[in-house]
Amino acid sequence: MNTLVHADIFFFIASIGCVILFILGIIAMIMVVRILHRVQKISAKLESGVDALGSDVHAWLTDMRKTLIYRMLFGRRSRSK
């Protein structure tokens, strides 16, 4: 009879532990989803910033290539076919 009581206590404690672990797992999953959502927002902002920076650099390079100093230093390169 004593072993039956110990088994009942063990299963009761084990079931409470499983429920607690399940709840903690759900909370952790929610936090991971929220973090991934924030990372997605940040990467979208970075992507738009990089695109804008790329167009600015391209405009800067075309303006620089039109300057007299650039043409004096590098000249016009002949294109071979």
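Me: How many aromatic pairs does a search of the whole structure find?

Reply: The search finds 2 aromatic pairs. Keep in mind that this is a predicted model.

Me: How do I read the geometry of Phe10 and Phe11?

Reply: Take the angle between the ring planes; over 60 degrees counts as edge-to-face. Phe10 and Phe11 have planes at 65° and centres 5.3 Å apart, so this pair is edge-to-face.

Me: And what are the values for Tyr70 and Phe74?

Reply: Their ring centres lie 4.9 Å apart. The planes meet at 45°, so the pair is tilted. Stacked would need planes under 30 degrees apart.

Me: Where do Tyr70 and Phe74 lie?

Reply: Both sit in helix α2, residues 68-74. They are 4 residues apart, about one turn of the helix.

Me: Which residues form the positive surface patch?

Reply: Patch members need over 30% relative accessible area and no salt bridge. Here Arg34, Arg38, Lys41 and Lys45 form the positive patch. Take Arg34 as one case: its relative accessible area is 52%, so it is exposed. Arg34 belongs to helix α1, which covers residues 2-65.

Me: Which helix holds Phe10?

Reply: Phe10 lies in helix α1.

Me: How far apart in space are Phe10 and Ser55?

Reply: Compare the separation in sequence with the distance in space. Phe10 and Ser55 are 45 residues apart in sequence. In space, C-alpha to C-alpha, they are 67 Å apart.

Methods: Residues are numbered from 1 along each chain as its sequence is written. This is a predicted model: local features need pLDDT of at least 70, side-chain atom pairs count only at pLDDT 80 or more; totals for chains, interfaces and linings use all residues. Side-chain values use heavy atoms; hydrogens and water are left out. Rings of Phe, Tyr and Trp (its six-membered ring) pair if their centres lie within 6.5 Å; planes under 30 degrees apart count as stacked, over 60 as edge-to-face and the rest as tilted. Helices (H or I, at least four residues) and strands (E, at least two) are DSSP runs, numbered from the N terminus. Patches are made of residues with over 30% relative accessible area and no salt bridge: like charges are joined within 9 Å, nonpolar side chains (Val, Leu, Ile, Met, Phe, Trp, Tyr) within 5 Å. Accessible areas come from the Shrake-Rupley method with a 1.4 Å probe; for residues, only the protein chains shown count as cover. A salt bridge is a side-chain nitrogen of Lys or Arg within 4 Å of a carboxyl oxygen of Asp or Glu. Lys and Arg count as positive and Asp and Glu as negative; His and the chain ends are not counted. The place of a charge is taken as NZ of Lys, CZ of Arg, CG of Asp or CD of Glu. Buried means under 20% relative accessible area, exposed over 50%, partly exposed in between (1.4 Å probe, protein chains only).
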